[in-house]
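Please read the notes below with the model open beside you, taking the points in order.

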Amino acid sequence: MALKKPTIKQIVKKCSSFGKKHGYDDVPKGHFVVYVGENRSRYIIPLSWLAHPEFQNLLPRAEEEFGFCHHSGLTIPCEEVDFRSLTAMIG
C-alpha cells in the first residue's frame with residue numbers, strides 16, 4: 001500500500017503546531033514559518049503565497065530533500081538570497 005502524500009493544508013498545520021509547541025507565539029493567523037538556507041533562517045510568510053507558482057515549485061524540492069513528515073518545521077531548500085528575491089517578487 002502506497003503512503004498518501006500530505007496536502008499543503010496538512011503541512012502548514014503541522015508546521016504551525018510545531019511553532020506553538022516550542023514557544024513561537026509570534027506567528028499571526030494566516031501565516032506560517034519556513035526555514036531557509038544553510039543557516040536555516042526563519043521566515044514568517046502568508047498562507048496565500050502557497051498559491052503562487054514559484055513557491056509551489058519549491059515544495060516538491062523541500063519534500064525530496066527534507067520530507068514533510070518531521071517535527072522541525074518546513075525547510076525550503078534554496079539559498080537565502082534566492083528566497084528573499086522570491087518573497088520580494090511575490091509580496
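1. Read along the sequence, the protein follows the pattern α-β-β-α-β-α, and it has 3 helices and 3 strands. Helices (H or I, at least four residues) and strands (E, at least two) are DSSP runs, numbered from the N terminus. This is a predicted model, in which local features need pLDDT of at least 70 and side-chain atom pairs count only at pLDDT 80 or more, while totals for chains, interfaces and linings use all residues. Residues are numbered from 1 along each chain as its sequence is written, and side-chain values use heavy atoms, with hydrogens and water left out.

2. The strands form an open sheet of 3 strands in the order E2-E1-E3, with mixed pairing. Strand E2 (41-46) and strand E3 (74-76) stand at the edges with a single partner strand each, so one side of each is left without a neighbour in the sheet. From one strand to the next, the twist averages 40°. Here two strands pair if DSSP finds at least two bridges between them.

3. How many bridges link E1 and E2, and in which sense do they pair? The two strands pair in the antiparallel sense over 6 bridges, whereas strand E1 (residues 31-36) and E3 pair in the parallel sense over 3 bridges. The hairpin of E1 and E2 has 4 residues between the strands, and in it Gly37 takes a positive phi near 80°.

4. Is E1 enclosed or open to the outside? Of the 6 residues of E1, 5 are buried, so the strand is largely enclosed by the rest of the structure. Buried means under 20% relative accessible area, exposed over 50%, and partly exposed in between (1.4 Å probe, protein chains only). Tyr35 has its place in strand E1 and, at 9% relative accessibility, counts as buried. Tyr35 and Cys78 are 43 residues apart in sequence, and their C-alpha atoms are 9.8 Å apart in space. For the protein as a whole, 36% of the 91 residues count as buried.

5. Two helices lie across the sheet strands. Helix H2 (residues 53-66) lies across E1, E2 and E3, running at about 105° to E3, and helix H3 (residues 80-90) also lies across E1, E2 and E3, running at about 15° to E2. Axes are lines fitted to C-alpha atoms, for helices over the stretch in contact, and angles run from 0 to 180 degrees between N-to-C directions.

6. The axes of H2 and H3 come within 10 Å and cross at roughly 145°. The contact (heavy atoms within 4.5 Å) is made by Glu54, Phe55 and Leu58 of H2 and by Phe83, Leu86, Met89 and Ile90 of H3. These residues divide into 6 nonpolar, no polar and 1 charged, where Ala, Val, Leu, Ile, Met, Phe, Trp, Tyr, Cys and Pro count as nonpolar, Asp, Glu, Lys and Arg as charged, and the others, Gly among them, as polar.

7. The largest nonpolar core has 17 residues, and those with the most contacts inside it are Val34, Ile45, Phe55, Ile76 and Phe83. Such a core is a set of buried Ala, Val, Leu, Ile, Met, Phe, Trp, Tyr and Cys residues joined through side-chain atoms within 4.5 Å. E1, E2, H2, E3 and H3 are the elements that give two or more residues to this core, and the largest share, 4 residues, comes from H2. Not counting residues up to four places away in sequence, Phe55 touches Phe32, Val34, Ile45, Trp49, Leu50, Ile76, Phe83, Leu86 and Ile90.

8. The structure holds 1 salt bridge, a term for a side-chain nitrogen of Lys or Arg within 4 Å of a carboxyl oxygen of Asp or Glu. Arg84 forms a salt bridge with Glu80, the closest N and O atoms being 3.4 Å apart. Both residues lie in helix H3, 4 residues apart, about one turn of the helix. Arg84 counts as partly exposed at 42% relative accessibility, and Glu80 is partly exposed with a relative accessible area of 22%.
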